[in-house]
Amino acid sequence: EELVPFLMRFFVDMERTGANDAFYTKFTHRFHALTLLDYLWDDPCLIHREAFVRVAREVPREFNGFFNMVLNDIHHCFAQAVEGIEEVHTIEAFVPPADEGAIANFMRENEDHVRLDMQARQCGFTLDYSAGLLCLLSRVASVAPREIAESDLGGRIAGLLAVLLERLAGPAASKLKVKDPRRFKFDPRRLVAVAVDIL
């Protein structure tokens, strides 16, 4: 019964580890905590799902603190991923000038290959992580809708989802078209579906 509250506190505590690489390390630790929370959510006995509701009702400050961190991470990772996907789109859409020499062409293609590999790693992680957080938010909203609506989280969640939906389905969405979305773990339809489900 205490495992979910412990993981929620651990998630929040990762904000200030004191390490030099704390900013990047916290996402790795939080990703592992998220994996455990997902696993516990699927436990048939349901005590872990009920633990979320219990924390929301009995310790609303901890509940709000946890989900504020979740929202911060979704915002940061999603923005970083979108930036990366836009870079991939730009690389793939580039048409070399007719007078580009063989050496210049080789060097550009080699550099593009390196950049695409880097974005596959970075976007893959940030999109996987932010999608997982969105799913967790959706799950908790389904069992504790009143607690979320009555907290100060409601407005933040609505604002974040509006930005996410605008970016994925709005006028600028064409800049997110890439040849192989799976390579970057980019599934805009899934993200939109989860966001709409939360609303």
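Tutor: Let's start with the order of elements: along the sequence, the protein chain reads α-α-α-α-α-α-α-α. That comes to eight helices and zero strands; both are DSSP runs numbered from the N terminus, with helices (H or I) needing at least four residues and strands (E) at least two. Bear in mind that this is a predicted model, where local features need pLDDT of at least 70, side-chain atom pairs count only at pLDDT 80 or more, and totals for chains, interfaces and linings use all residues. Residues are numbered from 1 along each chain as its sequence is written, and side-chain values use heavy atoms, leaving out hydrogens and water.

Student: How far does helix H3 reach from its first C-alpha to its last?

Tutor: The expected span of a helix is 1.5 Å times one less than its number of residues. H3 (residues 47-58) has twelve residues and reaches 15 Å, close to the expected 16 Å.

Student: Which residues in H3 are buried?

Tutor: Buried means under 20% relative accessible area, exposed means over 50%, and partly exposed is in between (1.4 Å probe, protein chains only). In H3, the buried ones are His48, Ala51, Phe52, Val53, Val55 and Ala56. Across the protein chain, buried residues make up 40% of the 199.

Student: What is the phi of Leu46?

Tutor: Most residues other than glycine have a negative phi. Leu46 has a positive one, near 70°, and sits in the loop between helix H2 (22-41) and H3. Leu46 counts as partly exposed because its relative accessibility is 36%.

Student: And where does Lys185 lie?

Tutor: Lys185 is in the loop between helix H7 (153-169) and helix H8 (188-198). Its phi is also positive, about 55°.
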